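The exercises below each set a task and then work through it step by step. Try each task on the structure before reading its solution.

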Amino acid sequence: SVASFANHALELMKFGAPAALIEGALIAGQDEIRHAQACFAFASRFDPEGKTYAPTDFPIGSSADIAETMEGMAGRLSGEGCYGETIGTVLAARQYFTAKDPQV
């Protein structure tokens, strides 16, 4: 998610990561924003009632959930990046092969 990449960039700064790693996280976050915009556009296009979807404010409260340790950061990233993204890729592949609309 957009918030996940922003959170990761903060964690990298907290643990003194090289600037190139922080830059990479921020660039990936920008890509995630473009992906989210495309998803909102598709959701709006296919809503049967013509509803328009758009992002809302991020409800993070007074603080972000920054890992206390590098191990905690690595654990969260492996869960999101390996497990979550793999499941998402499998689902996207299935949808790709069953979609009837050429723009999808």
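A salt bridge here is a side-chain nitrogen of Lys or Arg within 4 Å of a carboxyl oxygen of Asp or Glu. The model is a predicted one.

**Exercise 1. Determine how the side chains of aspartate 65 and arginine 76 meet, and which parts of the chain the pair ties together.**

Solution. 
- Step 1: The N to O distance between the side chains of aspartate 65 and arginine 76 is 3.0 Å. The cut-off is 4 Å, and the pair forms a salt bridge.
- Step 2: Aspartate 65 lies in the loop between H2 and H3 and arginine 76 in helix H3, so the pair ties together parts that are 11 residues apart in sequence.
- Step 3: Aspartate 65 has a relative accessible area of 55% and is exposed, whereas arginine 76, at 25%, is partly exposed.

**Exercise 2. Find how many salt bridges the whole structure holds, and work out which residues are linked in a network.**

Solution. 
- Step 1: A search of the whole structure gives 3 salt bridges.
- Step 2: One of them joins glutamate 11 to arginine 76, with the closest N and O atoms 2.4 Å apart. Because glutamate 11 is in helix H1 and arginine 76 in helix H3, this pair connects parts 65 residues apart in sequence.
- Step 3: Glutamate 11 is buried, at 2% relative accessibility.
- Step 4: Arginine 76 also meets aspartate 65 in a salt bridge.
- Step 5: Another salt bridge, at 3.6 Å from N to O, is formed by aspartate 31 and arginine 34. Both residues belong to helix H2 and are 3 residues apart, about one turn of the helix. Aspartate 31 is partly exposed at 44% relative accessibility, and arginine 34 is partly exposed at 47%.

**Exercise 3. List the residues of the largest nonpolar core and say which elements give two or more of them.**

Solution. 
- Step 1: The largest nonpolar core consists of 6 residues: Ala9, Leu12, Ile22, Ala25, Ala67 and Met73.
- Step 2: Helix H1 (2–14) and H2 are the elements that give two or more residues to this core.
- Step 3: Beyond its neighbours within four places in sequence, isoleucine 22 is in contact with Leu12, Met13 and Ala17.

**Exercise 4. Compare the radius of gyration of the protein with that of a compact globule of 104 residues.**

Solution. 
- Step 1: The protein has 3 helices and 0 strands, in the pattern α-α-α along the sequence.
- Step 2: A compact globule of 104 residues would have a radius of gyration near 13 Å, against 17 Å for the protein.
- Step 3: Along the principal axes, the C-alpha atoms fill a box of roughly 45 × 30 × 20 Å.
- Step 4: Of the 104 residues, 13% count as buried.
- Step 5: Among contacts between residues at least 6 apart in sequence, 63% join residues at least 24 apart.

Key. Residues are numbered from 1 along each chain as its sequence is written. This is a predicted model: local features need pLDDT of at least 70, side-chain atom pairs count only at pLDDT 80 or more; totals for chains, interfaces and linings use all residues. Side-chain values use heavy atoms; hydrogens and water are left out. A nonpolar core is a set of buried Ala, Val, Leu, Ile, Met, Phe, Trp, Tyr and Cys residues joined through side-chain atoms within 4.5 Å. Buried means under 20% relative accessible area, exposed over 50%, partly exposed in between (1.4 Å probe, protein chains only). Helices (H or I, at least four residues) and strands (E, at least two) are DSSP runs, numbered from the N terminus. Contact means heavy atoms within 4.5 Å. The radius of gyration is taken over C-alpha atoms; the globule rule is 2.2 Å times the number of residues to the power 0.38.
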